[in-house]
Amino acid sequence: MRKLTVAAFMSLDGVMQAPGGPEEDTSDGFLYGGWIVPYADNVSGQAIQDLFAKPFELLLGRRTYDIFAAYWPHRQADSNSYSIAELFNSVPKHVATHHPDTLGWQNSHALQGNLADAIRGLKKKEGADLLTQGSGDLVRQLLAAGLVDELRLMIFPVVLGRGKRLFDDTAQALAFTLAHSACTPGGVLIARYVHQGEVRTGTFE
């Protein structure tokens with residue numbers, strides 16, 4: 001069975017909305033779009049490159065899909081992000097959408113039927129591991145269904161106070177183990193967590 005990894009940029013208070021730019025997602029009056037940009041450096045850039053170093057297929061919510069589809073096909077060969085553009089444009093993209101006929105980005109496929117069941121079926125098929133980027137609504141459904149095998153988080157030293165969050169009260173209780181961690185010069189914590197099993201409890205008495 002192939003693995004499902006959720007990769008996300010998040011603030012200290014768990015917000016993941018519009019990390020990359022002011023116009024990325026202004027829903028509910030969000031004012032801080034682009035909050036990761038001041039922390040960009042070689043260490044964080046290498047962490048992102050490492051994330052895409054192994055074969056993967058993208059699993060995306062519709063909003064993130066539309067943002068990516070409007071951006072990545074138009075990157076030029078002399079761009080620093082071109083290698084990622086090549087990957088994103090070529091890999092299969094599995095999309096949670098109610099409008100499958102509007103998926104114009106090459107190699108895009110709509111998930112059919114019940115979302116959790118569709119992703120369970122996808123995990124059982126042969127192929128590269130599945131990687132989710134952004135896609136907050138989708139990620140919260142994945143967490144609620146217990147379908148996440150690994151979390152790749154970049155945690156930024158900011159508190160945003162409001163915005164769409166990675167975790168909510170629907171997340172299934174699961175234990176993870178820290179497989180790797182690093183810190184950038186700007187204080188961004190890069191952490192890789194692997195699903196370990198059920199939550200354990202105890203007492204100090």
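**Figure 1. Val-139 in helix H5 of the predicted model.** At 0% relative accessibility, Val-139 counts as buried. The model shown here and in the other views is predicted. Val-139 belongs to helix H5, which covers residues 136-144. With neighbours within four places in sequence left aside, the residues in contact with Val-139 are Val-6, Thr-132, Gly-134 and Leu-166. Gly-20 lies 119 residues from Val-139 along the chain, and the C-alpha atoms of the two are separated by 18 Å.

**Figure 2. The protein chain as a whole.** The chain holds 5 helices and 8 strands, and their order along the sequence is β-α-β-α-α-β-β-α-β-α-β-β-β. The radius of gyration is 17 Å, close to the 17 Å given by the globule rule for 205 residues, so the chain is as compact as a globular protein of that length. Along its principal axes, the C-alpha trace spans about 60 × 40 × 35 Å. Of the 205 residues, 41% are buried. The chain exposes about 11300 Å², with carbon and sulfur atoms supplying 52% of that area. Among contacts between residues at least 6 apart in sequence, 69% join residues at least 24 apart.

**Figure 3. The aromatic pair of Trp-35 and Phe-156.** The count of aromatic pairs comes to 11. One of them is formed by Trp-35 and Phe-156, edge-to-face, with 5.6 Å from centre to centre and 90° between the planes. Trp-35 lies in the loop between strand S1 (4-11) and helix H1 (42-51), whereas Phe-156 is in strand S6 (residues 150-156), so the pair ties together parts that are 121 residues apart in sequence. Both Trp-35 and Phe-156 are buried.

Figure 4. Phe-56 is buried, with a relative accessible area of 8%. For Phe-88, also buried, the relative accessible area is 1%. One aromatic cluster is made up of Phe-52, Phe-56, Phe-68, Tyr-71, Trp-72 and Phe-88.

**Figure 5. Lys-93 over the ring of Trp-105.** In this view a charged group meets an aromatic ring. The charged end of Lys-93 sits over the Trp-105 ring, at 4.5 Å from the ring centre.

**Figure 6. The salt bridge of Arg-2 and Glu-57.** Side chains of opposite charge can pair when their charged atoms come close. The count of salt bridges comes to 11. In the salt bridge between Arg-2 and Glu-57, the closest N and O atoms are 3.2 Å apart. Arg-2 lies in the segment before S1 and Glu-57 in strand S2, 55 residues apart, and the pair thus links distant parts of the chain. Both residues, Arg-2 and Glu-57, are buried.

Figure 7. Asp-66 has 37% relative accessibility and counts as partly exposed.

**Figure 8. The salt bridge of Arg-120 and Asp-117 in helix H4.** The side chains of Arg-120 and Asp-117 meet in a salt bridge, 3.0 Å from N to O. These two residues are 3 residues apart in helix H4 (residues 115-124), so about one helical turn separates them. Arg-120 counts as partly exposed at 36% relative accessibility. Asp-117 is partly exposed as well, with a relative accessible area of 48%.

**Figure 9. A network of salt bridges.** Four residues, Lys-3, Glu-150, Arg-152 and Arg-192, are linked in this network. Glu-150 supplies the carboxyl group, while Lys-3, Arg-152 and Arg-192 supply side-chain nitrogens.

Definitions and conventions. Residues are numbered from 1 along each chain as its sequence is written. This is a predicted model: local features need pLDDT of at least 70, side-chain atom pairs count only at pLDDT 80 or more; totals for chains, interfaces and linings use all residues. Side-chain values use heavy atoms; hydrogens and water are left out. Rings of Phe, Tyr and Trp (its six-membered ring) pair if their centres lie within 6.5 Å; planes under 30 degrees apart count as stacked, over 60 as edge-to-face and the rest as tilted. Helices (H or I, at least four residues) and strands (E, at least two) are DSSP runs, numbered from the N terminus. Buried means under 20% relative accessible area, exposed over 50%, partly exposed in between (1.4 Å probe, protein chains only). A charge sits over a ring if NZ of Lys or CZ of Arg is within 6 Å of the ring centre and within 35 degrees of the ring normal. The radius of gyration is taken over C-alpha atoms; the globule rule is 2.2 Å times the number of residues to the power 0.38. Contact means heavy atoms within 4.5 Å. Accessible areas come from the Shrake-Rupley method with a 1.4 Å probe; for residues, only the protein chains shown count as cover.
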